[in-house]
Structure formats: structure tokens, C-alpha cells
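This briefing goes through the strands, helices and nonpolar cores of one model. Please look at the sequence and structure first.

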Amino acid sequence: MGKFDGVLLVSDYDGTFAVGNNIPQDNLDMLAYFEAQGGRFTVATGRTHCTFRIVRSRIPFNAPVLLANGALVYDFDREEILAQSPLPPTTREDMVELSRVFPRMALEVYSGENDLYAWNPNFYVRRHMEYTGARGHICPIAEIPLPWDKAIMEHNHKTLLTFQAEILKRWGDRYEVIFSDDHMLELNAKGCTKGSAVLKVAEALGIRRSGIYCVGDNENDISMLKISAIPFAPKNAIPAVKETPGVVVLPHCKKGAIGALIRHLDAIY
């Protein structure tokens, strides 16, 4: 029996667990201790299969991974999708219509285990593709294969706020429309969030709500912080995240936020 039996730790990846390709060694050292004591660790990320698989070998997770903001629950040991919550089939038509209203809109689309698709790529899309190292297929929105797990609109923040307002006005009952970065507005199916996916994984592992601990830095992490027994955020998190009730603010992600979190749990357990 380990002191962390029955504990599930879920971390956002970019800006929380790592910065680009840089993972603080203290995160890895403390995770080795956490897992040796029976803890289960995984990542809940906006990345999907094609962008997460590039970094997966560097992360010591021992539970299913939550991809595309919870749209995919993926078992990398068996290389299979355990659960999928795709965008509704109407999304492709909706995005074609939106592109007519906003011709400057740039779009990334992710589908299952396929590579990403892009339409009208701008500076932000190209930068994001370079950052993740994923290959992108440039094609018209109407030709992007279904189903879509998530889509990302990328532009300056002020323009994205306009896109968000228009989507919510037209189709607010269909979509979660949440920022993962100032320049990235993410589209998931209504009810599909990191928080809902964490609860699915915890149930599958037989872990009680009181044993769930989550950490993240941006708006798309708030749903899982709200279901966390203690919500955690790195120092670099946006203000809305650090305003989550009961949140414990950790060191900056560059300084090993996850290592500090595990020390916090070590003192509790």
C-alpha cells in the first residue's frame, strides 16, 4: 500500500507541466516518487493525438490521457481511444458560414488520430504548428473529414472575442467556446470539457472525487479545477484561473509547479 493509493493527479501540459520542450527535472523526480507511492498521474491537454504523441515519451503518466480538452480519452499503452466526444456533424457547415461572416478567420481542426487540418492559415496558425511540430493539411473547410474532435480559431484576442460572441449568439447550445491562450479560441461539443473527462477517468479507475487533484493555467482548465479536491495553478496562470475558489498557487511552471504540488500533497497524506 502506498500513501497515494486512490489519488489521481491531472495536469495541463503546456504552461503548467512544461514550457515547449522543457520539462523541469523536479517535476519528473517528484512524479516518480508519487507513482511509486501508488498515485495515478495523467495529462489533460488541448493537444490532440497528433500533437501530443510528439512529447508523450517524456511524460511518466500511468493513466489514460485526456486529449483535445477532453474530447478524446486515450490509452497510449494499448494505442486506442477509450472515449470520444466529437463536435456535432453540423460544425463543418457552421464554420463555413462563420468564415463567410469573418473572411479573416483562420482555423485548425483535429479529428481522432489523424493529423491536423488547417484553413486560411495565418501567422498564429503557422506559429502554433511549428510549436507543436505537427503536420498540417491545408484544405477548404468543406473538405475537412468528419468527425471533428475540436477546432481552434486563431487571431488577435480582440478579434477572437468577436468570433466567440457570434458563435455563442448563433449556436450557444452546440458548443463550448473557450480560450486556451490569448490567440487561441477552442471549439468543443457542448458539455465536453476537461472537467467532465477527468470525472470519466476517475470513475474508470475507481477513484473518488475526494482523491482528484487538478492543476492548470488557462481558461480551458477551469472546468477541471472546479471538480478538484484542491485546485492548483502555477504562478504564470491567467487571473481567472488564480481566482478559482480555494486555489493554491504554485511556483511558475518553469520552476517546477508539479514538483511543488506533489510536496503539498505529501504533507497532506
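The model is predicted, so local features need pLDDT of at least 70 and side-chain atom pairs count only at pLDDT 80 or more, while totals for chains, interfaces and linings use all residues. Residues are numbered from 1 along each chain as its sequence is written, and side-chain values use heavy atoms, with hydrogens and water left out. Helices (H or I, at least four residues) and strands (E, at least two) are DSSP runs, numbered from the N terminus.

**Nonpolar cores**

- A nonpolar core is a set of buried Ala, Val, Leu, Ile, Met, Phe, Trp, Tyr and Cys residues joined through side-chain atoms within 4.5 Å; buried means under 20% relative accessible area, exposed over 50% and partly exposed in between (1.4 Å probe, protein chains only).
- The largest core has 30 residues, and Leu9, Phe17, Phe34, Phe41, Phe52 and Ile59 have the most contacts inside it.
- Two or more residues of this core come from each of helix H1 (25-36), strands S2 (40-43), S3 (65-67), S4 (72-75) and S12 (212-215), and helix H9 (257-268).
- H9 gives the largest share, five residues.
- Another core lies apart from it and has 24 residues, among them Val96, Met105, Leu107 and Ile144.
- Contact means heavy atoms within 4.5 Å; leaving aside neighbours within four places in sequence, the contacts of Phe17 include Ile23, Leu28, Leu31, Phe41, Ile59 and Ile258.

**Helix H1**

- H1 has 12 residues and reaches 17 Å from its first C-alpha to its last, close to the 16 Å expected at 1.5 Å a residue; the expected span is 1.5 Å times one less than the number of residues.
- Asn27, Met30, Leu31 and Phe34 are buried in H1.
- Seen down the axis of H1, the buried residues fall within an arc of 110 degrees, so they line one face of the helix; the arc is that of the directions from the helix axis to the C-beta atoms.
- These buried residues pack against strand S1 (8-11), S2 and H9.
- On the face turned away from the buried side, Gln25 and Ala36 are exposed.
- Gly38, with a positive phi near 95 degrees, follows H1.

**Six-stranded sheet**

- Six strands form an open sheet of mixed pairing, in the order S8-S7-S6-S9-S11-S10; two strands pair if DSSP finds at least two bridges between them.
- S8 (136-138) and S10 (175-181) are the edge strands, each pairing on one side only.
- S6 (residues 107-110) is covered on both faces, with Leu107 and Val109 buried on one side and Glu108 and Tyr110 buried on the other.
- S6 pairs antiparallel with S7 (residues 116-119) over three bridges, and with S9 (residues 150-154), also antiparallel, over four.
- Val109 stands opposite Tyr117 in S7 and opposite Ala151 in S9.
- S10 and S11 (residues 184-189) run antiparallel and are joined by six bridges, with Val177 opposite Leu187 in S11.
- Helix H5 (residues 157-171) lies across S9, S10 and S11, at about 165 degrees to S10; axes are lines fitted to C-alpha atoms, for helices over the stretch in contact, and angles run from 0 to 180 degrees between N-to-C directions.

**Strand S13 and its partners**

- Pro231 and Ala233 on one side of S13 (residues 231-234), and Phe232 and Pro234 on the other, are all buried.
- S13 pairs parallel with S12 over two bridges, and Phe232 is the bridge partner of Val215.
- S13 also pairs parallel with S14 (residues 248-250), over three bridges, and Pro234 stands opposite Leu250 in S14.
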